[in-house]
Amino acid sequence: MAHQVSAAMRRDGLSADQAKAHVWLVDRNGLVTDDVPDLPDYQLPYARPAAEVADWANAPIDLLTVVRNVKPTVLIGTSTAHGAFTKEVIEALAEGVQRPILLPLCSPTSRIEFATERCCAVVER
């Protein structure tokens, strides 16, 4: 997914480095940083320099902290961590952008990142 998003940004004119700089990965252990041992090959190109986020919080850096600091426009869920998109995460996303895009893509729906009522509250905002 990160490769596809990055490729789309390159097609829109960004350099490879610029496109990668816009992708932030958060897994079950928190923000993916270059000081995490044994990162999977697919995460390595998107691992943030640990020094870049050293003053954010103690490790691991959770999704809410990332959203508050990065102020992303799009949040894509592929974690199967039901409930990862908490009310606080969604509100933080909405504070950073006028029309946030939330894409909970997990399957089955019992593992989706947020419950339907949370999604609707943000969409109607």
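**Close-up views of a predicted model**

**Figure 1. Lining of the largest pocket.** The residues that line the largest pocket comprise 24 nonpolar, eight polar and five charged ones, where Ala, Val, Leu, Ile, Met, Phe, Trp, Tyr, Cys and Pro count as nonpolar, Asp, Glu, Lys and Arg as charged, and the others, Gly among them, as polar. This is a predicted model, in which local features need pLDDT of at least 70 and side-chain atom pairs count only at pLDDT 80 or more, whereas totals for chains, interfaces and linings use all residues. Residues are numbered from 1 along each chain as its sequence is written, and side-chain values use heavy atoms, with hydrogens and water left out. The largest pocket has a volume of about 1,200 Å³, and of its 37 lining residues the closest to its centre are Trp-24, Leu-25, Val-26, Ile-76 and Thr-78. Two or more lining residues come from each of the elements α1, β1 (26–27), α3 (63–70) and β3 (74–77); helices (H or I, at least four residues) and strands (E, at least two) are DSSP runs, numbered from the N terminus. A pocket is an open set of points on a 1 Å grid over the protein atoms alone, where a 1.4 Å probe fits, with protein on both sides within 12 Å along at least five of seven lines, and lining residues have an atom within 4 Å of a point. The volume is the space filled by probe spheres set on the points, which are joined across faces, edges and corners.

Figure 2. Helix α1 spans residues 2–11, and Ala-2, Ser-6, Ala-7 and Met-9 are its buried members (buried means under 20% relative accessible area, exposed over 50%, partly exposed in between, with a 1.4 Å probe and protein chains only). Seen down the axis of α1, these buried residues fall within an arc of 160°, so they line one face of the helix; the arc is that of the directions from the helix axis to the C-beta atoms. The face turned away from the buried side carries the exposed residues Gln-4 and Arg-11. The cover over the buried residues of α1 includes α2 (16–21). Ser-6, at 0% relative accessibility, counts as buried, and beyond residues up to four places away in sequence Ser-6 touches Ala-19, Lys-20 and Tyr-46, a contact being heavy atoms within 4.5 Å. After α1 comes Gly-13, whose phi is positive, near 115°.

**Figure 3. Two salt bridges.** A search of the whole structure finds two salt bridges, each defined as a side-chain nitrogen of Lys or Arg within 4 Å of a carboxyl oxygen of Asp or Glu. In one, the side chains of Arg-48 and Glu-52 meet at 3.0 Å, N to O; Arg-48 is buried, with a relative accessible area of 6%, whereas Glu-52 is partly exposed at 36%. Arg-48 is found in the loop between β2 (30–31) and α3, and its contacts, not counting residues up to four places away in sequence, include Trp-24, Leu-31 and Asp-34. Glu-91 forms a salt bridge with Lys-87, the closest N and O atoms being 3.4 Å apart. Glu-91 and Lys-87 are four residues apart in helix α4 (residues 87–96) and so are separated by about one helical turn.

**Figure 4. Pro-104 in strand β4.** Pro-104 lies in strand β4 (residues 101–104) and, at 22% relative accessibility, counts as partly exposed. Pro-104 and Thr-78 are 26 residues apart in sequence, yet 6.8 Å apart in space, C-alpha to C-alpha.
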